[in-house]
Amino acid sequence: MLQDTTTSRMKPAIALEGISKSFPGVKALSDVSLSLYPGSVTALVGENGAGKSTLVKILTGIYQPDGGSIRVADTETTFPTALSAARAGVTAIHQETVLFDELSVAENIFLGHAPRNRFGLIDWKKLNADARALLHRAGADFDPTIRLRDLGIAKKHLVAIARALSVDARVVIMDEPTAALSHKEIHELYALVERLKADGKAILFISHKFDEIFRIADRYTVFRDGTMVGEGLIADVAQDDLVRMMVGRAVGSVYPKEDVAIGEPVLTVSGYRHPTEFEDINFELRRGEILGFYGLVGAGRSEFMQSLIGITRPSAGAIRLDGEILVIRSPSEAIRSGIVYVPEERGRQGAIIGLPIFQNVTLPSLSRTSRSGFLKLANEFALAREYTSRLDLRAASLDQDVGTLSGGNQQKVVIAKWLATKPKVIILDEPTKGIDIGSKAAVHAFMSELAAQGLSVIMVSSEIPEIMGMSDRVIVMREGRIAGRFERSELSAEKLVRAAAGITEAA
Amino acid sequence: MSKLLKNRELLLVGAILVLIALIAWRFPPFVAPANLARVYNDTSILIILALGQMAVILTRCIDLSMAANLALSGMVAAMLNAAFPGLPIPVIILSAMALGAVLGMVNGALVWKLNIPPIVVTLGTLTIYRGLIFLLTNGKWINAHQMSDAFKSFPRADLAGIPVLSWLSVVMVAAMFLVMTRTPLGRAFFAVGGNPHAAVYTGIDVGRTRFFAYCLSGTLAGLSGYLWVSRYAVAYVDIAAGFELDIIAACVIGGISIAGGIGSVPGAVLGALFLGVIKNALPVINISPFAQMAISGMVIIIAVAVNARAERRKGRVILKKAEAV
Amino acid sequence: MAETHLSPRNIPDRLEGRGVRLLKSWESLLLVVACLIFLGNSLASPYFLDPWNLSDATFNFTEKAMIAFAMALVIISGEIDLSVASIIALASTAMGYAVQLGFDTPALVIVGLSVGLICGVVNGLLITGLGLPSIVVTIGTMSLFRGLSFIILGDQAFTGYPDSFAWFGQGYVWWVFSFEFTLFVVLAVIYGVVLHKTNFGRAVYAIGNNQTAALFSGIRVNRVKFTLFLLTGLMAGLASICLTSRLGSTRPSIALGWELEVVTMVVLGGVSILGGSGTIPGVVLAALIMGMVTFGFGLLNVPGIVMSIFIGLLLISVIALPILWRRARRRLAH
């Protein structure tokens, strides 16, 4: 943090001034400014829809600003194409490691600027040798000739970073780089960020996780509704101030957990196992209970939940619902028995963005709204109205395509869709991942309300505050097995992390 | 299985060798070098076309208009020759290729600038290009006697014991291999098909890359147009009708993924050869040539099933004990 | 967010009335085109408006349209079936073969429909059972099915269909209304209802928009897709009966290239080739347009291939024009 005092005197590596960008009907950015300094990490924070990703796209030449200027090393410039931004030394590492599975590691690093021989042809020998050297600098030592598809997600990140080093980037944008990483991988990433800093790169770090922002960032910039509402040194700011700037209003409790009388067991899972993904899963879920499933990304929680609803088949194990043994072979059977799963990947598994809101909501309940296989639109609108209003959905009409809604409102539609089936058990997989704080609070409040009405809730989450704030009981999974069980009274962040990471008390 | 996956081409070589061995068992003269050379020569045009289609499929597009492009370019080449018999053959070849390239650019521009799905664009231009031949000729044929001897004999001319047609296809294969493995454009084809979003961030213009892929397939279709017309010494509206599907079949058999981003030059060549061997072998082993279509249909289905198995990624292994294996 | 202070209970069902949506739809554009072509034809040729001539004209689209209805569902679900023309050939060959064995008309109909169904089952199993891409599978079965016809027939032809069999392709139900046209109307209504008014139709749209989300929502994706390929097979069998009956003979090259015409009809009808949207009324209008263009050009002695250029241009321009129009409007707005 010693550099912080010096950055103000340094010239920025890149400076955006008065940038505006509009899309039909939306002002995505209005008059924002942002300066990134060499050897310094600037955290960009803001709710979803605050304009962060638009800014990244302007910085990388994907979008053109309507107004404002971009200065690189004190020279005014424009980025009419992605290539021109890359040539100016701006590189982005994205949330979904966007690289090429079918190409080799070396090619991924050098795609677009591969070394050529004197005939203008790609020089593979030099390419591989240079790639090896860059990987080494990024702290990785694997073979650059293997195909990217054979690497895990953390190693793919290293490849992306080696790529950033290869173009001799001045500016490295990291857009939620830790979203898909495990605990250990995140620490490796922090080490890398330190190395990039030492190399004098200017880093823009976008994240929703405050602990990591306070850990690695030197400066912060806060966006709200497409405008810049605050910036400064991390050392001079408190977490609460950042949240207040982001939200612009006082947030009520984000975790409005109500005390509910827990009833009799509703769902009993015994001896669930799968050849490669999980084994020995036993637990009971009771009426009115919120059961948290904590673990690191890749601990097998989603895989297990999906086997409960028949997406994958377990090799052994039994489910009892209200005491009766159930065999579930497909999601439609799960819905009929009263077990529903709100998937983690909203865009891919949850919402059907090309269909209107009401059709999304009624899709799993069509057998109830229709008569002998024929649609009854009036019933559909009634059902959709009932559940979307309970979730406080903001939309212009129920006939609006879900794709036109914000992430938080899309998630409300997805949850409404599952609730409309009148389930006995609802499984929510990362229900507030990537949605803004306002929507988060609405989802949590609704979760409490559901439990109070006697529904049983399983909540899969990788966020410790959410798990601790909302659960009556927590099960921790690690590498496909149950690694710990905790009552609400005995919960602590340390216990959860230890169980999830496999650190024994003695060690 | 993972070894096989990496050596998709090797698997195909094996399949072709087994096929040739089976044929040789029934009809030994088939494996005489002269006959194998004849089979290759007969497959040359398909190989050239498959190379172009491969580039297009790699970028997640498809070119259904290749055969129609071939027919139109071939017809124009024949008409040029009939009108100006003195025109040197290289000029005719270059004009056929240029016309083919222009027709390819039309496809490419519609895909690039208007974002129309490739299958719709080329479905449309397929009928348009064929219709243009009719407008150009009023449905008349150009027969052998209207073509100059030089026009007809060029692909048959002997060069070191092998016809020029075969040489041309060898040169095209080598050139395409160079383009695909050693030039930024070739690698861009893979990148655009493998992950279009990432390609944009890498500074690759997805639309323009697709445009170039169509230019390439168009140029190769133009070249094939001349070769086809001179080889069979006739040009009319319906030449190579339905051949677009044989081209795609060759690519599919060669392991080029219809979803884009996966494929290779050797794969395309081997896929075309596989079809060529079957086509040439059927008459000699006393199977009705009418069975060829059904057999290539079966081969396509088997090839896509095999490729799909190889491409299917293993599920994430979470349990430690399974990882140890 | 600040400008949308809608109280949640105030979300209206719809912003636009039924009429406004209808006016803005692709189908109304097609209707205008259809009317213009109708008008143009009646001005260009004095023979066009004759009811019997019009009735004759319907034969050049009814068989393709039958398949196009099922194909529309397949394409909306995000798949494609390129083997339909080959199914016609195989079904026709099978019927011709059955004639040689002495089968009579009812048995021939059963043979035609069953062959269509079996081909549909083959496609469906390969696509949903093995999870293969439909475009490649049906390019394969396209060769396979027609190839089987070639193996059976070679360069021969089957003729000698019983007289009663001729009714399907040549008979009239009432006045100028042929059996084929009547079947076209009935099937249009059935498919329209199935796609737009039933749970099954909703499932088709959901799958075409997002297959994974549809599966998670409890839709039996594979079962729906299998049914769709079965239906296209069945419709191709039905079209084969009509076509064979109309021609009175079977050659292995029967209906060559129809798959592309059927797909053109579907896309022209406003069905997105990428899946997820489209309507049956659109396909009906596209069928009428293609039929009228063919007929009108025929009256003017324009060769068939020129008309195929027109269809090709129409296909590209109906998709390109709205895109260009939107662009021009955006430029004006700036």
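User: How much of chain C is buried?
Analyst: Buried residues are 51% of the 334 residues in chain C. Buried means 20 or more other C-beta atoms within 10 Å of the residue's own; exposed means 12 or fewer, and partly exposed lies in between, with C-beta atoms placed from the backbone.

User: What should I know about the model itself?
Analyst: This is a predicted model, where local features need pLDDT of at least 70, side-chain atom pairs count only at pLDDT 80 or more, and totals for chains, interfaces and linings use all residues. Residues are numbered from 1 along each chain as its sequence is written, and chains are lettered from A and ligands numbered from 1 in the order in which they are written.

User: What ipTM and pTM does the predictor give the complex?
Analyst: An ipTM of 0.85 and a pTM of 0.84.

User: And what is the mean pLDDT of chain C?
Analyst: The mean is 89, and 97% of the residues of chain C reach 70 or more. pLDDT is the predictor's confidence in each residue, from 0 to 100.

User: Where does pLDDT stay under 50 in chain C?
Analyst: Over residues 1-8 of chain C. The model has 7 contacts beyond four places in sequence for that stretch. Two residues are in contact if their C-beta atoms, placed from the backbone, lie within 7 Å.

User: How many helices and strands does chain C have?
Analyst: Chain C has 14 helices and 2 strands. Helices (H or I, at least four residues) and strands (E, at least two) are DSSP runs, numbered from the N terminus.

User: Now chain B. How many helices and strands?
Analyst: Chain B has 15 helices and 2 strands. Of its 325 residues, 53% count as buried. The C-alpha trace of chain B spans about 75 × 55 × 35 Å along its principal axes.

User: Which residues make the contact between helix 9 and helix 11 of chain B?
Analyst: First, the geometry. The axes of helix 9 (residues 184-194) and helix 11 (residues 206-232) of chain B come within 10 Å and cross at roughly 115°. Axes are lines fitted to C-alpha atoms, for helices over the stretch in contact, and angles run from 0 to 180 degrees between N-to-C directions. Helix 9 of chain B brings Leu185(B), Ala188(B), Phe189(B) and Val192(B); helix 11 of chain B brings Val206(B), Thr209(B), Arg210(B), Phe212(B) and Ala213(B).

User: What classes are those residues?
Analyst: That contact has 7 nonpolar, 1 polar and 1 charged residues. Ala, Val, Leu, Ile, Met, Phe, Trp, Tyr, Cys and Pro count as nonpolar, Asp, Glu, Lys and Arg as charged, and the others, Gly among them, as polar.

User: How many residues of chain B touch chain C?
Analyst: 39 residues of chain B are in contact with 39 residues of chain C. Helix 6 (118-137), helix 12 (243-253) and helix 14 (291-311) of chain B each give two or more residues to that side of chain B. The largest share, 13 residues, comes from helix 6 of chain B. By class, this side of chain B has 30 nonpolar, 8 polar and 1 charged residues.

User: And where chain C meets chain A, how many residues are in contact?
Analyst: There, 28 residues of chain C contact 32 residues of chain A. Helix 9 of chain C gives the largest share of the chain C side, 6 residues.
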